Amino acid sequence: MRLAWLQLTHFRSYLDLRFDPDEGINLLIGPNGSGKTAVLEAVAYLGYLRSFRGVPDEALVSLNAETSVLRGEVDAAGGTHVIGVSLPRVGRRAVEVDGKRPRRNRELRRFLRAVTFLPDDLNIVKTGSAIRRNLLDDIAGDLHPTALADQSEYEKAVRQRNALLKQDFRPEEQELTTWDEQVARTGARVHIRRMEVIDLLAPLLTGIYRDLSGSNDNLAWSYESKWATDVAGDEQSLSAGLADALLESRVVDLARRSTTRGPHRDDPSLRIGDRDGRVHASQGEQRTIVLALRLATFDLLRDTFSEAPILLLDDVFSELDVARSKALLERLPGAQVFITAARREDVPVGGRMWDVSLEEGASRVTAN
């Protein structure tokens with residue numbers, strides 16, 4: 001899978017960009033704030049329809065512009081496709097694949113899959129469990145587009161149940177029971193997909209972590225749940241177990257006006273041996289954990305679909321020591337890779353060089 005060309009109009013600091021990357025390693029070199037990360041952001045947006053920086057769509061539109069347009073041609077095993085997205089500052093975006101609106105936006109992932117490393121990815125290890133839950137759900141969505149629909153239905157059911165719990169008067173028992181059933185049914189599916197991701201990543205994580213760190217430590221996911229611990233792993237049993245947990249916690253939920261049991265409250269963590277990476281890992285170890293996780297995800301997607309996704313590495317080498325940098329170079333896959341850096345000497349790998357600059361308020365990418 002590779003991006004043949006990328007065209008941006010009024011996207012971030014790019015007023016008009018036509019970029020034809022190499023099919024191998026692309027090095028985007030330029031000072032901070034010049035627009036390097038925005039190129040990676042645009043590539044990922046074409047497959048995932050969201051900013052990997054977590055900002056709303058209107059923040060992607062250039063200042064003094066009303067609409068941003070992203071277009072790209074992707075060559076993949078299933079053929080060549082042109083993806084186009086129009087982002088208005090006000091209103092709904094428009095998405096096209098080969099000039100036609102896709103039946104479902106989640107279908108774009110089969111045309112463009114990408115694995116991204118960002119400096120902020122340290123938060124995957126360092127912060128609360130929500131970001132790790134979202135990461136597992138996101139990988140599940142790459143593997144199974146229907147998982148995205150299950151996640152959406154589950155979130156909707158939890159919101160509706162919470163809305164009942166927040167009413168000033170006590171909701172009817174039947175109303176709560178109805179939403180308990182919806183939460184339990186969809187929550188079971190979300191849980192199953194998360195466990196599948198953890199199981200598939202398990203044989204990959206430790207080997208990659210050891211390669212990067214030079215240690216003999218094991219890296220693995222740990223998953224704590226207040227409702228699924230003693231429940232069989234099939235969908236029917238999980239759904240029944242979650243329904244029982246919701247009924248059991250109903251008095252507490254009414255008092256707190258919130259749903260306190262379910263996948264949205266589970267606590268996945270990443271552990272080095274018996275140590276919780278969030279509490280006991282150094283910053284260097286945490287960075288290595290995230291890199292191992294991203295590279296393991298890359299390998300999982302490549303092996304699942306018999307096709308390598310695009311790899312996006314934003315400022316990955318700046319905080320790595322010599323040994324970890326060398327180990328990462330040895331792990332770089334034979335795929336299309338985009339690497340950003342402020343200086344050429346910060347990147348100990350060859351590739352097609354691109355200079356990124358900001359001139360008179362507009363970013364430019366030029367071949368070196």
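**Burial and helix packing in a predicted model**

Q: Is Ser269 buried or exposed?
A: This is a predicted model, in which local features need pLDDT of at least 70, side-chain atom pairs count only at pLDDT 80 or more, and totals for chains, interfaces and linings use all residues. Residues are numbered from 1 along each chain as its sequence is written, and side-chain values use heavy atoms, with hydrogens and water left out. Buried means under 20% relative accessible area, exposed over 50% and partly exposed in between, with a 1.4 Å probe and protein chains only. Since Ser269 has a relative accessible area of 4%, Ser269 is buried.

Q: Which residues of helix H10 are buried, and how do they lie around the axis?
A: Helices (H or I, at least four residues) and strands (E, at least two) are DSSP runs, numbered from the N terminus. H10 covers residues 322–331, and its buried residues are Arg324, Ser325, Ala327 and Leu328. Seen down the axis of H10, they fall within an arc of 165° (taken from the directions from the helix axis to the C-beta atoms), so they line one face of the helix.

Q: How are helices H3 and H9 oriented to each other?
A: Axes are lines fitted to C-alpha atoms, for helices over the stretch in contact (heavy atoms within 4.5 Å), and angles run from 0 to 180 degrees between N-to-C directions. H3 (residues 130–143) and H9 pack with their axes 10 Å apart, at an angle of about 20°. Angles under 35 degrees count as roughly parallel, over 145 as roughly antiparallel, 65 to 115 as roughly perpendicular and the rest as oblique. That makes H3, relative to H9, roughly parallel.
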